[in-house]
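Grab a pencil and open the structure viewer. Try each exercise on your own before you read its solution.

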Amino acid sequence: MSTWFSQTFPNVVYQGWGGDTGWGTAIFQTLFMTFWSAVFGGLLGLIFGIGLVVTSPRGITPNKTVFWILDKIVSVFRAVPFIILLAFIAPFTKALVGTQIGINAALVPLSLGVFPFYARQIQVALSEVDGGIVEAAQAVGASFSQIIFGVYIKEGRSEIIRVSTVTLISLIGLTAMAGAIGAGGLGNMAVAYGYNRFANDTTLVATVLVLIMVLIVQVTGDWLAKKYNHK
C-alpha cells in the first residue's frame, strides 16, 4: 500500500509532514486562520448583525441613523472582492500586526472579509424570531440584554448555528485564497507546490483535504442545528 501511494503521489510524499512546507504545517495553518478569523470576524459580524436588527424600523430600539451607518458599512465591505480587500488594507494590516504576509497578517483581511457576510446572515436569522415573543419580553419589563440573549439568541440559536456553518465553510474557502498568495495553508500548498510545479497529485490531495474540512463543518453544523431546534 505504501509503495503504491509513493508511486501514485510522489510529490505528496516528497513534501513530507513536518517542516515549513509539510502537510502537517499546511493543515495547521489553515485551521489556525479559520479558527481565529471565525472568532474575530464572527464577533464583529454578530455585533453588526444584532445592531442591524435592534435599530431597524421594527427593532426594539429603532434608530434610523445608526441603522443606515451599520447597513452601509456591511454593504460596502460585502461589495469588495476578497482579493482586492487583501491589497487595499495591506497598509492597515502591516500597521496592526507588523507584516503583510504570513498567517498572522492573513487574519486581518480574513476577519474583515467574512464579517459582513456573517452580519447579514445573523440579521436574517434574528429577524425570523417571532415578534410576539419579543413584544412579550418587552411587556414584562425585560432589559435590553435579556431580550438579546434570552429571546433573540435563544429563540434563533438553531438558525444561528446554520448560518454560522455556512459562514465557516465560506471562510475555509477564503483561507485557501489567502494561502494562494503567500499566507500559507492548503491553498498555498495547492498552488505554490502543486499547480505552479505541475504536481497534480499535490493539488489533488490539498483539494481533498479542504473538502474534508468542509464536510466535517457541514455535518457538525447540521447536527447541532437539529439538536438545538426546539420547534
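This is a predicted model: local features need pLDDT of at least 70, side-chain atom pairs count only at pLDDT 80 or more; totals for chains, interfaces and linings use all residues.

Residues are numbered from 1 along each chain as its sequence is written, and side-chain values use heavy atoms, with hydrogens and water left out.

**Exercise 1. The overall picture**

Task: Work out how many helices and strands the protein has, and what share of its residues is buried.

Solution: 
- Step 1: Go for the secondary structure.
- Step 2: Read along the sequence and you get the pattern α-α-α-α-α-α-α-α-α-α-α-α.
- Step 3: Check the dimensions. The C-alpha trace spans about 70 × 40 × 25 Å along its principal axes.
- Step 4: Now the burial. Of the 231 residues, 42% count as buried; buried means under 20% relative accessible area, exposed over 50%, and partly exposed in between (1.4 Å probe, protein chains only).
- Step 5: Look at the contacts, meaning heavy atoms within 4.5 Å. Among those between residues at least 6 apart in sequence, 69% join residues at least 24 apart.

**Exercise 2. Comparing with the record**

Task: Find where UniProt places the feature "transmembrane region".

Solution: 
- Step 1: The unreviewed UniProt entry puts this feature at residues 26-54, 66-89, 101-119, 163-184 and 204-225. UniProt positions are given in the numbering used here, feature names are shortened, and annotations may be inferred rather than shown by experiment.
- Step 2: Take residues 26-54 in the model. This stretch is 100% helix and 0% strand, and its end C-alpha atoms are 41 Å apart.
- Step 3: Do likewise for residues 204-225. You get 100% helix and 0% strand again, with 31 Å between the end C-alpha atoms.

**Exercise 3. Helix α3 against helix α4**

Task: Describe how α3 and α4 cross, and which residues meet there.

Solution: 
- Step 1: Find the two helices: α3 covers residues 23-54 and α4 covers residues 64-79.
- Step 2: Their axes come within 9 Å and cross at roughly 140°. Axes are lines fitted to C-alpha atoms, for helices over the stretch in contact, and angles run from 0 to 180 degrees between N-to-C directions.
- Step 3: That angle makes α3 oblique to α4, given that angles under 35 degrees count as roughly parallel, over 145 as roughly antiparallel, 65 to 115 as roughly perpendicular and the rest as oblique.
- Step 4: The crossing is left-handed. A crossing gets that name if the near helix is turned anticlockwise from the far one by less than a right angle, and right-handed if clockwise.
- Step 5: On the α3 side you find Phe48, Gly51 and Leu52, which meet Phe67, Leu70, Asp71, Ile73 and Val74 of α4.
- Step 6: Sort the contact of α3 with α4 by class: 6 nonpolar, 1 polar and 1 charged residues. Ala, Val, Leu, Ile, Met, Phe, Trp, Tyr, Cys and Pro count as nonpolar, Asp, Glu, Lys and Arg as charged, and the others, Gly among them, as polar.

**Exercise 4. Helix α3 against helix α12**

Solution: 
- Step 1: Trp23, Ile27, Thr30 and Leu31 of α3 make the contact with Thr202, Val205, Ala206, Leu209 and Met213 of α12.
- Step 2: By class, that gives 7 nonpolar, 2 polar and no charged residues.

**Exercise 5. Buried or partly exposed?**

Task: Decide whether Thr30, Leu70, Thr55 and Asn196 are buried or partly exposed.

Solution: 
- Step 1: Thr30 is in helix α3. Its relative accessible area is 3%, so Thr30 is buried. Beyond its neighbours within four places in sequence, Thr30 touches Thr175, Gly185, Leu186 and Met213.
- Step 2: Leu70, in helix α4, is buried at 16% relative accessibility. Outside four places in sequence, its contacts are Phe48, Gly51, Leu52 and Thr55.
- Step 3: Thr55 sits in the loop between α3 and α4 and is buried, at 8%.
- Step 4: Asn196 lies in the loop between α11 (185-192) and α12 (200-227). With 48% relative accessible area, Asn196 is partly exposed.

Methods: Helices (H or I, at least four residues) and strands (E, at least two) are DSSP runs, numbered from the N terminus.
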